[in-house]
Amino acid sequence: MNESGKLIVVSGPSGAGKSTVISRVMENDKSVVFSVSATTRAPRAGEHEGVDYFFIDKKHFESMIDNGELLEHTQYVDNYYGTPKLPVLENLSKGFSVLFDIEVQGAMQIKKQYPEAILIFVIPSDFSEIEKRLRKRGTDSEEKIQQRIKTAKIEYLMALNYDYIVINDDPDLAAFEIKAIITAEKCKTVNRKKYLTEVSLS
Ligand code: 5GP
């Protein structure tokens, strides 16, 4: 790979349909690697260890914090979530772009360490869709659903800190928008300057 990898941070409230959009973004694009987070949350049906998350207990998570093994971490609806540092550094050094599915606090921590990170916020066009999707998923108790809705409202307030907002009413269209953002970022003059150096006026 001859171009340097990007950090692509995708956030958006639980129920915004991010996972589906992200998997469509990554289909057929070998230059983008997904950052698999560690979490203390229990796996949902269909989720796989090391693919969707590394499912670990609180003690293990806290030891990762203490040993500086996480690039960022946060607590979200009673559970810890964090990004293992090593795979991110390795993938970036190989020229891959790394895509993060993380919430707003984590996104701000990444932006602080990597100001060039691209921050994308995904939401449906209608907020009420979030509650509908959380209920349809059928994985959370009523109490957890209410907590996730409250957290979603707080996350909306942070959206102005993002570089892009993608509307997800149709996952294919939302994935198309994210791919377009990644492409445009790669084509920025600052990233393509090296192609100008061979030309001289002589
Ligand atoms: P869920 O439990 O629905 O999989 O995820 C809950 C929230 O945690 C989502 O907004 C998701 O983006 C976020 N999340 C997942 N992994 C991480 C992580 O490593 N760090 C942070 N800060 N948030 C994460």
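In the predicted model, a backbone N or O atom of Gly82 lies 3.1 Å from an oxygen atom of the ligand. For Arg41, a polar side-chain atom is placed 2.6 Å from a ligand oxygen atom. For Glu103, an N or O atom of the side chain is found 2.7 Å from a nitrogen atom of the ligand. The area exposed by the ligand when taken alone is 510 Å², and 96% of that area is buried by the protein. The largest pocket is the space that the ligand takes up. Two elements each give two or more residues to the shell around the ligand, namely strand 5, residues 70-76, and strand 6, residues 79-84.

The ligand is surrounded by 18 residues in total. The closest of these are Arg41, Tyr53, Tyr81, Asp101 and Glu103. By residue class, the shell is made up of 7 charged, 7 polar and 4 nonpolar residues.

A polar contact of 2.4 Å joins the side chain of Thr83 to the side chain of Glu72.

The loop between strand 5 and strand 6 holds Asp78. Phi of Asp78 is near 70°, which is a positive value in a residue other than glycine. Most residues other than glycine have a negative phi. Asp78 has a relative accessible area of 54% and is therefore exposed, the cut-off being over 50%. A second residue of this kind is Asn28, a residue other than glycine with a positive phi, near 65°. Asn28 is located in the loop that runs between helix 1, residues 18-26, and strand 2, residues 32-34. With a relative accessible area of 78%, Asn28 is likewise exposed.

Another loop residue, Asn168, is placed between strand 9, residues 164-167, and helix 7, residues 171-186. Asn168 is buried, because its relative accessible area is 2% and the cut-off is under 20%. A polar atom in the side chain of Asn168 lies 2.9 Å from the backbone oxygen of Ala16.

Ala42 belongs to the loop between strand 3, residues 37-39, and strand 4, residues 53-55. The relative accessibility of Ala42 is 54%, so Ala42 counts as exposed. Ala42 and Asp101 are 59 residues apart along the chain, and 17 Å separates their C-alpha atoms.

Ile123 is part of strand 8, which spans residues 118-123. Its relative accessible area is 11%, and Ile123 is therefore buried. From Ile123 to Thr197 the separation is 74 residues in sequence and 41 Å in space, taken from C-alpha to C-alpha.

Methods: Residues numbered from 1 in each chain as written. Predicted model: local features only at pLDDT ≥ 70, side-chain atom pairs only at ≥ 80, totals over all residues. Heavy atoms only, no water. Near = heavy atom within 4 Å. Polar contact = N/O pair within 3.5 Å; in protein donor to acceptor, adjacent residues only side chain to side chain. Areas by Shrake-Rupley, 256 points an atom, 1.4 Å probe, with all protein chains shown as cover. 1 Å grid on protein atoms, 1.4 Å probe; cavity = no way out; pocket = protein on both sides within 12 Å on 5 of 7 lines; lining within 4 Å. Sits in = over half its atoms within 2 Å of the grid points. Helix = DSSP H or I, 4+ residues; strand = E, 2+ residues; numbered from the N terminus. Nonpolar A, V, L, I, M, F, W, Y, C, P; charged D, E, K, R; others polar. Buried < 20%, exposed > 50% of the residue type's maximum accessible area, 1.4 Å probe, protein only.
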